[in-house]
Amino acid sequence: MARNVRRSFRLSTLFSSKFAIILSMLIAVIWLGTAFALDRHDIFLPGETSNGHVLFETSCKSCHESFKPVSNDTCNRCHEPEMAKDIHGAKKFRDPRWAELRENIDVLTCTACHREHEHMFDRGVNLQPDLCMACHQGVIEGDLASHNSFKPDGCWTGGCHNFHDHRSISTGFIRKNLDQPWILPNPELPNRVVETILETAPDADLNKEFLVEEG
Amino acid sequence: MRDKDKRVNSYLAVISLCLLMFFSSIFPDLALAANVSQAELQKIEKQWQTSAHALAEVNCSSCHQNEETKAFVAKPTEESCKSCHENSVDTFLLGKHGIRTLEGLSPLTPAMAHLPMKDDSLNRQMNCNTCHDEHTANTYQASVDSCLTCHADNHSLNYQSSPHAEVFRKIGTLARPNSDSVTCATCHLPRTVSGDTVLVNHNNTYTLKPRDRMVKEVCMNCHGVEHSYNSIFDDELVEANFARPPTQKLQTFQLVRDLEKKRSGKGS
């Protein structure tokens, strides 16, 4: 009986608040120290990384400069070619006619729709799939009504529309190309031509260098 | 005393082993140069002599010698390729294949992939000569065979029995896929016209998502818009590597047809 009392007393000291704080700090220091020492940056990841970015998720500095927010420049380091023909780009929304719409969604900031380490619906978009309705409600009901009875969340999840580049899915493009045969009259890819300088191959200009250690 | 000597010897052995590992890691050339035999060298020379590189005056020293110091380089990196193939390397580094290298991490290996990969390829590191044989510079091989060294998902495995592969086979072995060939590279590393030159976009992710990008960039070089969209948005057909004509009819086209009717009705 006496022994049991002593044991429970000891356990209570072990979990006393002071001791618990010191212990948890010590564990945190060791944990962080080990992570740095072993270069295991993945422990700092606040959530699941999107498909693609996951390949370099341990390279924090690829996107983050200390604790500054991620800017468009960060994204454009890699995504500039895809954004070259951005239909929803700066040119459109700096125009006073459309500038007001930026209050609905800040479309000129990549992270307004693409927030990393959060749940994403598809294509790295973490806003609800009906995001187009922030500006285009009239398409499914009201004045335009060209897509009456369509669901508000199907514009891009259904595979029809691409927010940044709709060159090949716009009404104009489809009208122009409607009723084309399944195979075009002149099916052809751009041809690659290799221009050579010599007619016959010369002699190799390095040889013994490859055998250095043997000789 | 003897024990002490033994201990000293073992320390020395450990130190020299560490030194050897250290130097071979900073000078990998030493280890590689010792591995090339006379016979292998002759084989490589022959491969190179029948390559486009030889006829374009790209000799051994172009890649295997540092331009400034004239020091021998046993294993050239993508930096060496970049001195001529700048666009290819730059675009490669932006796709999934190259992004880890761009970000200063170890190169991508199939072991890191989410798609099914071949077991014996899991440790291959992605760089230029993973797909391109650097001495033959044969892009015919790089357009399909290299992909299938690693990729083992159904879409990739079904390529060989697809109508696209049939077209490619009929053309036969050329130095490089011509404008009629449809290979893995045709769709996934699309050719882009830039002024007078035709470049190959080596960003393997570029045409993947959204799928309409592939339609505009690639499919519509040969196929009509309806056939292209009805095919590419059919997951089963994509998995079968377009083995049959599409059966789905996307509503988009009906909408545009209705619009056309409405407009022409108004006009009359």
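Here are some notes on this predicted model, for someone opening it for the first time.

1. Some ground rules. Residues count from 1 along each chain as its sequence is written, while chains are lettered from A and ligands numbered from 1 in the order in which they are written. As the model is predicted, local features need pLDDT of at least 70 and side-chain atom pairs count only at pLDDT 80 or more, but totals for chains, interfaces and linings use all residues.

2. Chain A splits into domain 1 (1–39) and domain 2 (40–175), with bounds taken from an automatic or database domain assignment. Their centres, over C-alpha atoms, sit 46 Å apart.

3. Now the place where the chains meet. Chain A puts in 45 residues and chain B 59, contact being C-beta atoms, placed from the backbone, within 7 Å. On the chain B side, helix α18 (residues 251–267) gives the largest share, six residues. Helices here are DSSP runs (H or I, at least four residues) and strands are too (E, at least two), numbered from the N terminus.

4. Have a look at B:P210, in the loop between β2 (197–200) and α15 (212–217) of chain B. The peptide bond joining B:K209 to B:P210 is cis, with omega about -10 degrees.

5. Two serines in chain A have positive phi. A:S66, in the loop between α2 (17–37) and α3 (72–83), has phi near 45 degrees. A:S149 has about 75 degrees and lies in the loop between α6 (133–140) and α7 (171–177).

6. Are those serines buried or exposed? A:S66 is exposed, with 6 other C-beta atoms within 10 Å, and A:S149 is exposed with 7. The cut-offs within 10 Å are 20 or more other C-beta atoms for buried, 12 or fewer for exposed, and partly exposed in between, with C-beta atoms placed from the backbone.

Note on methods
Contact = placed C-beta atoms within 7 Å.
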